[in-house]
There are 2 protein chains.
Amino acid sequence: MHGQNSIGFQRSAEGTLSFKSSNPSSGEKFQTAFIQATPDEVNRSVELAANAFITYNFFAPQRRAHFLNEIAVQLRARADELKSMFCVESALTAERAEQELQRTIFQLESFAKALNEGEFFATIDNSNEDNFLAIVPKLQRRMQGVGPVVVFGASNFPLAYSTAGGDTVSALAAGCPVIVKAHPFHAGTSSMVAEAILVAAQITQMPEGVFSHLLAEDFSVGQQLVSHPGIKAVGFTGSLEGGRALMDLAAVRREPIPVFAEMGSVNPMILQADFIAKYEDQLDSIATSICNAAGQFCTQPGLIFVEECPKTKGFITSLGNRVADFGTSTMLHSSIAEKYNALRQKAVSSEIEQVFEGEIKGENQGKNTLLVVTMEQFCSQETLQQEVFGPFSIVIHYANQQELFKGLQKIAGALTASVFTEEQMDFQHPLIQLLSSKVGRIILNGLPTGVTVSSAMTHGGPFPASSDGRYTAVGMGSIYRWLRPVTLQNFSQ
Amino acid sequence: MHGQNSIGFQRSAEGTLSFKSSNPSSGEKFQTAFIQATPDEVNRSVELAANAFITYNFFAPQRRAHFLNEIAVQLRARADELKSMFCVESALTAERAEQELQRTIFQLESFAKALNEGEFFATIDNSNEDNFLAIVPKLQRRMQGVGPVVVFGASNFPLAYSTAGGDTVSALAAGCPVIVKAHPFHAGTSSMVAEAILVAAQITQMPEGVFSHLLAEDFSVGQQLVSHPGIKAVGFTGSLEGGRALMDLAAVRREPIPVFAEMGSVNPMILQADFIAKYEDQLDSIATSICNAAGQFCTQPGLIFVEECPKTKGFITSLGNRVADFGTSTMLHSSIAEKYNALRQKAVSSEIEQVFEGEIKGENQGKNTLLVVTMEQFCSQETLQQEVFGPFSIVIHYANQQELFKGLQKIAGALTASVFTEEQMDFQHPLIQLLSSKVGRIILNGLPTGVTVSSAMTHGGPFPASSDGRYTAVGMGSIYRWLRPVTLQNFSQ
């Protein structure tokens, strides 16, 4: 593990600042000192990217597919060391490491396949169109990349949403060079993945600068990148504060650029009385969705609206006990655990009915928590309406649809909403229509965690779930964040 | 002519401020006093729009098509009075009025046709997709409107890009209620069009609030609208200063929203030596593209790069004389003429080689102007690199491709670029590739003015041509500004 930045194909470590990643379970710091990129190194990475863009953007899509497939090959070749580093830097399980690696490879190969099959870049022409004017020019509309893209590694997905994750892959597929600002919590994993990408770029003869990898513990490198005139778009997965800070920085540039920030949400679940009547076999999976991986998913269900019926009290007690007994997991980092515990404490200190809490055994652990509140308590206290990132959910019981709708109106934009019911619901149902104005994905009788990679996926939602709800961060549609059209007039085919 | 705001289906004139539009040719003010909307009236229009959205957004697309077709019917019924008001408020010709009205109706009917044919709203599902996971849920991705939209009337297109223009029609097609802030220069034309829309809405039983029309002479009403939490997107055509101010306002909201500002550009033309060798029969059309309608088009060619060859001097002199002799047209408003003359004067006072200038006969006229500069003069003076909105162009002569590319690098994002040459060029040509990174439309041997309404059109470009070069403001693609996806998981068809 070299601890250096990769500026194009060159390693570089000109800085004097350095940091180490650590094992969140033991607190032990790893040996490698990662050297923070200097302003000069940042500038060089952007210049190389701008230069690479000129050629890379005009490669046939099949050439880019070749590159993406080779990244998959290089990741497979490093699978064991990658998964082992993943686990020690994140405290996530070996099973999760395997799952994320498979997902990362699937994303690479899916985009490569789509590029090879001519998707995304089909030309639209006007040869068969009517017009009110007698003479119209020949028009051909083609898509191309927007320019160099900065991707921020995500703390909670060291593989699938980080260095070779969804943002990077979709941007590379679009024709955009990528500069990754590694997440410092998993700088080792990130450096290994960067190595795989750079080896693949050289094997497939991509231009130098198509990918760079920068290390930093503080915000300065990210800020410099987002403000740099050579950067044309940004991908980010993380907290609302972090995402908003980048959005604000991008908006005050001389040339404002889009920031695609996926910032998580409260992901309401609605459990109707007909579901509650026979809830028993779902208890485990709901508790798992709340507590698994210390609840560190942007789709973790933070709010659970439960309709009142004879079995509601029993359901809440059973769920609360499962959550309390789930067994804690180490959180990704001490700073995440600290933030979790502060927000958790604030919520627990609000006016509530009841709380179920788990044991806590280690330093970087979050206490599994299920609060129970009335609709009135929920509606009157803003603290209860906001996301608490971690193994934490609030149960709100409601008497009827009118009360439920009042509660749902209090929720800001979210990634998902789940409805558990025996009822046959379609898009004409008032509840589904209300939810569709608030979220990007509605799940019938299913949990929000687990986001399928698909052309039909929407992983995004109205602000603050994401910076721009018109886009998905997962699936094939994610490429449209990095494409813009250019029309050719009077050109032959 | 009533001079009142339309808040949903109600006329309202609670304010104490009022203004009049005028005939730019004579300076004469019209009789009608337009009553500026009050903050309370603005709030009511947004509340009605938010309420209308809940139902309008879920109408079958065919119902919205019916509404759009009926607007066309109502515009046709008012054609004569509309065109006559258009001419006196804008000083544009009767021919132009007819053309814009036809274009407006064509846009309405094209979107209605597309909605009836099921475009834009086709569901994407994952039933035929492979996945790396054995079990994947059933996903259906459908498009819906983003919410209430504010559209600002454009001073230079009183019909086609104003009250029932491209922004309004695409937003209504998308399922978004629209609030139009009328342009004060043509408040009369705007009020007549608003009446047509409101009558059509009532005939086709659209919900109240699907359209409102607000009057204002100052910026306060527009600012209040863009900052209102109920508004979810903005459409604007106008100056860079105006567009940027709205972008900045939208970016600092608690929930930032997209502003689609189409702000014009320098629209470079490149005339290669092989073209110059036989330029004669194109002189008139180039001069017309520069001077027609007092050059008040966002696609007016502001920069003309001319390759040096034996006939270059003759070409420049002939073009300069045509521009000087073109005959002046009244500009849209005294404020536009004043701004034009100030910018024109600043450019003329720069270090230049030569200037051709027309006569000027009336108060609100802009002097037709063609400057001639060397590449060095162009590259070293920022004043010469910026748009001057009006009948003004700069000729830059260049010796070779290297010099040309140096000059083109100085240009900010633009809507169009034109290349005049005998050469067969395609997208692999270095000049076309360079231009494609700067503009949204590249025209081979054709003028930039005249923007075809088509699915293959891109009317947009990198900032500052537009706020977001990933979108077109003209043609069927313009609807995607106002749509976002929602995925339904586990729902039956």
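Predicted model: local features only at pLDDT ≥ 70, side-chain atom pairs only at ≥ 80, totals over all residues.
Chain A and chain B share an interface in which 75 residues of chain B are in contact with 75 residues of chain A. About 6,000 Å² is buried between chain B and chain A, and 55% of this area lies on carbon and sulfur atoms. Within the area that chain B buries against chain A, B:Phe132, B:Arg470 and B:Phe491 supply 13%, which is more than any other three residues. What is the count of salt bridges between chain B and chain A? The count is 0, although a search of the whole structure finds 32 salt bridges over all chains.

One salt bridge that can be followed in detail joins B:Asp248 to B:Arg244, where the closest N and O atoms are 3.1 Å apart. Because B:Asp248 and B:Arg244 are 4 residues apart in helix α8 (residues 240-251) of chain B, about one helical turn separates them.

**Packed helices**

Two packed helices are described by the angle between their axes and the distance between the axes.

| Helix pair | Angle | Axis distance |
|---|---|---|
| α3 (residues 79-90) and α6 (residues 187-203) of chain A | about 160 degrees | 8 Å apart |
| α2 (residues 61-77) and α5 (residues 166-174) of chain B | roughly 155 degrees | within 9 Å |
| α10 (residues 283-291) and α11 (residues 312-325) of chain A | roughly 50 degrees | within 9 Å |

In chain A, helices α3(A) and α6(A) pack at an angle of about 160 degrees, and they are therefore roughly antiparallel to each other. The crossing in which α3(A) passes α6(A) is left-handed. On the side of α3(A) the contact is made by A:Glu81, A:Leu82, A:Met85, A:Phe86 and A:Glu89, while α6(A) brings A:Ala187, A:Gly188, A:Thr189, A:Met192 and A:Val193. By class, the residues of this contact of α3(A) with α6(A) comprise 6 nonpolar, 2 polar and 2 charged.

In chain B, the axes of α2(B) and α5(B) cross at roughly 155 degrees, so these two helices are roughly antiparallel to each other. Their crossing, that of α2(B) and α5(B), is right-handed. Here B:Arg64, B:Phe67, B:Leu68 and B:Ile71 of α2(B) make the contact with B:Val169, B:Leu172, B:Ala173 and B:Ala174 of α5(B). The contact of α2(B) with α5(B) has 7 nonpolar residues, no polar ones and 1 charged.

For α10(A) and α11(A), the axes cross at roughly 50 degrees, and that angle makes α10(A) oblique to α11(A). The crossing of α10(A) and α11(A) is right-handed. In this contact A:Leu283, A:Asp284, A:Ile286, A:Ala287, A:Ile290 and A:Cys291 of α10(A) meet A:Phe315, A:Ser318, A:Leu319, A:Arg322 and A:Val323 of α11(A). The contact of α10(A) with α11(A) divides into 8 nonpolar, 1 polar and 2 charged residues.

**Backbone features in the loops**

In chain A, the peptide bond from A:Phe463 to A:Pro464 is cis, with omega near 5 degrees, and A:Pro464 is found in the loop between β18 (439-444) and β19 (483-489) of chain A. In chain B, a cis peptide bond joins B:Phe463 and B:Pro464, with omega about 10 degrees, and B:Pro464 lies in the loop between β18 (439-444) and β19 (483-489) of chain B. A:Asn445 is also found in the loop between β18 and β19 of chain A, and this residue has a positive phi of about 50 degrees although it is not a glycine.

Notes:
Residues numbered from 1 in each chain as written. Chains lettered and ligands numbered in written order. Heavy atoms only, no water. Axes fitted to C-alpha atoms, helices over the stretch in contact; angles between N-to-C directions. Parallel < 35°, antiparallel > 145°, perpendicular 65-115°, else oblique. Left-handed = near helix turned anticlockwise from the far one by under 90°. Contact = heavy atoms within 4.5 Å. Nonpolar A, V, L, I, M, F, W, Y, C, P; charged D, E, K, R; others polar. Buried area = accessible area lost by both parts, 1.4 Å probe. Salt bridge = Lys/Arg side-chain N within 4 Å of Asp/Glu carboxyl O.
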